[in-house]
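The sequence and the model are shown first.

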Amino acid sequence: MGQALYRTHRPKKLGDIVGQEHITTALSHALEKGTISHAYLFTGPRGTGKTTIARILAHEINGLPYDEDGATYLDIIEIDAASNRRIDEIRDLRDKVNLAPAVAKFKVYIIDEVHMLTREAFNALLKTLEEPPAHVVFILATTEVNKLPETIISRTQHYTFRLYDLGVVAAHLREMAEAEKISITDDALALIAEHGEGSFRDSISLLDQLRNQADEVTLADVQSSLGIAPAEAVQTLVASMQAHDAAGVAVQLKDLHEHGYEPSHLAKQLAGAVREALIAKKPVLPSDVSLQLLAQLVAVPASPDPRVALEIAVLDATFAGETVAAAVPKPKTSAAEVHVKPAKMTEPHPSSFTKKLAEEQTKETPQAEVKIEESVQATKEVPAPHNASAMQNAQSKTSKAEETLEEDDGTLASNATLTTEQWAEVLAALKKHSTLYGIIRAASAGFEPGKIVLTSAFAFHQKRLKEPKNREIIAQTIQEITGEAIRIECLVGEVSTVTPDLPPALPPSDEVVHAVAAPAPQTETPTPPANEAKPNDTVSTVSNIFGGAELLQS
């Protein structure tokens, strides 16, 4: 009976190991200097050489030749923790550790899949691992280091094995194929290495499986053996998704299934194509849809029904991409481009989905945008100026009109300037709106031609003043008193302490105190003692922040 390729070509010395030089170099130097540790921990993915290097190290520590078909040594003990995981086996090991080696210099214990030990077994091993006899070396190996207690890890020299580079794997497979006289193409070897995902053992096992497939193993043979769809079929499927052809996608998936291609492999191939497109910044679908598709494709192999999971994921992405494409608004035509439009254009007949989407977008359009569009439309009807300066003046007027509309919610402003006396009358008229009055009283007012600038000390006050309801109240009050439509601008900054003279506030009742947020007078007042409370300071601070609302007495 023949021997498996991974056993036939297993390395015999540390120097024969390929791809884990960061580990073999350190161990070789330790052997040369005689600085061998009492415990090693080898961790990493499967098929990366953990057990092989553990066996080679055990033999080289004792200066013994390593050959799987050769003699076995009593002082090199291999324990499979998956089948010897109980505390009784570890107690037996702990009792035998103290016995001296029979032949070799060191007694070496190789514990494979050490993460399978029970909690009690780890506790029994801990003391021995921490202070073993001078003639004992432990080599622990596992694929799941996260399951090991930190107390075990901290008492070992920890070496992490890496997955092999695919180019290194393909080159090593070529050497094996030539040694075994296996005829195989380079692209077939590359696919074998890719399928092994950086694991030497998995790649070598697949090569061993395919060696009798044909006189010369080709890429098609590897694809057929693995159930991998041709790259052309994957690209056709991607093209149908980009075209939002759901019917074509369903037909292609059915055809691939009938040809025996595994849904799990197909999901992996499709995920690779989508990922490469994202990295190249040429996504198959919109980026958010592509990311959602990748998450669904990754979950396909673990699904109870991978075929159905794959079909749902691909169709869902196809429909989602179509919806996103339909929802992207077309760019609006500027006023300067209107004169180049044909007199009459034939619009394509919209689908029912597009009509519904357009109706929803129309309903959600803010009123300010509608008025701005009406203003821009009015500018379209003005004859185009005949020279460059006139064109610039017209564009300047248009931009100013748009700014005014955006700032004043569509109210046309005059160029009049408010006076301090008029503003005092406005504030007096606003006293009936207690909360708004407290906020606007705390703000400082600056008067400019056609505009009043209200500067608040707090962003919360500015936000309240910019609310459409409050702006409308202030604007109507100003217009009632002055007869002018004045623009209102709300800012946050340092508040001036100079305010117009106002009528006295309403006297407080026994149950309610009207807190008016008046700025502190500029006259100097005596400083109260440190232990004397200032109740009005608290009321004033609250009023300044939240407005002059009514505060119930406690």
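A residue counts as buried under 20% relative accessible area, as exposed over 50%, and as partly exposed in between. Arg211 has a relative accessibility of 26%, so Arg211 is partly exposed. The model is predicted.

**Salt bridges**

- The count of salt bridges in the model is 13.
- Side chains of opposite charge can pair when their charged atoms come close.
- Arg211 is bridged to Asp208, with 3.3 Å between the closest N and O atoms. Asp208 is partly exposed, at a relative accessible area of 23%.
- A network of salt bridges links Glu180, Asp208 and Arg211.
- Arg174 and Asp186 form a salt bridge through their side chains, at 2.5 Å from N to O. This pair links distant parts of the chain, 12 residues apart: Arg174 belongs to helix α7 (residues 166-179) and Asp186 to helix α8 (residues 186-196).
- Arg174 is partly exposed, with a relative accessible area of 22%, whereas Asp186 is exposed at 56%.
- Another salt bridge joins the side chains of Glu89 and Arg86, at 3.3 Å from N to O. Glu89 is partly exposed, with a relative accessible area of 23%.

**Helix α19**

- Helix α19 spans residues 420-429, and its residues Trp423, Ala424, Val426 and Leu427 are buried.
- Viewed down the axis of α19, the buried residues lie within an arc of 160 degrees and therefore line one face of the helix.
- An α-helix has 3.6 residues a turn, so residues three or four places apart point the same way.
- The packing partners of the buried α19 residues are α20 (434-442), β6 (444-448), β7 (451-456) and α22 (468-482).

Note on methods:
Residues numbered from 1 in each chain as written. Predicted model: local features only at pLDDT ≥ 70, side-chain atom pairs only at ≥ 80, totals over all residues. Heavy atoms only, no water. Buried < 20%, exposed > 50% of the residue type's maximum accessible area, 1.4 Å probe, protein only. Helix = DSSP H or I, 4+ residues; strand = E, 2+ residues; numbered from the N terminus. Arc of directions from axis to C-beta. Contact = heavy atoms within 4.5 Å. Salt bridge = Lys/Arg side-chain N within 4 Å of Asp/Glu carboxyl O.
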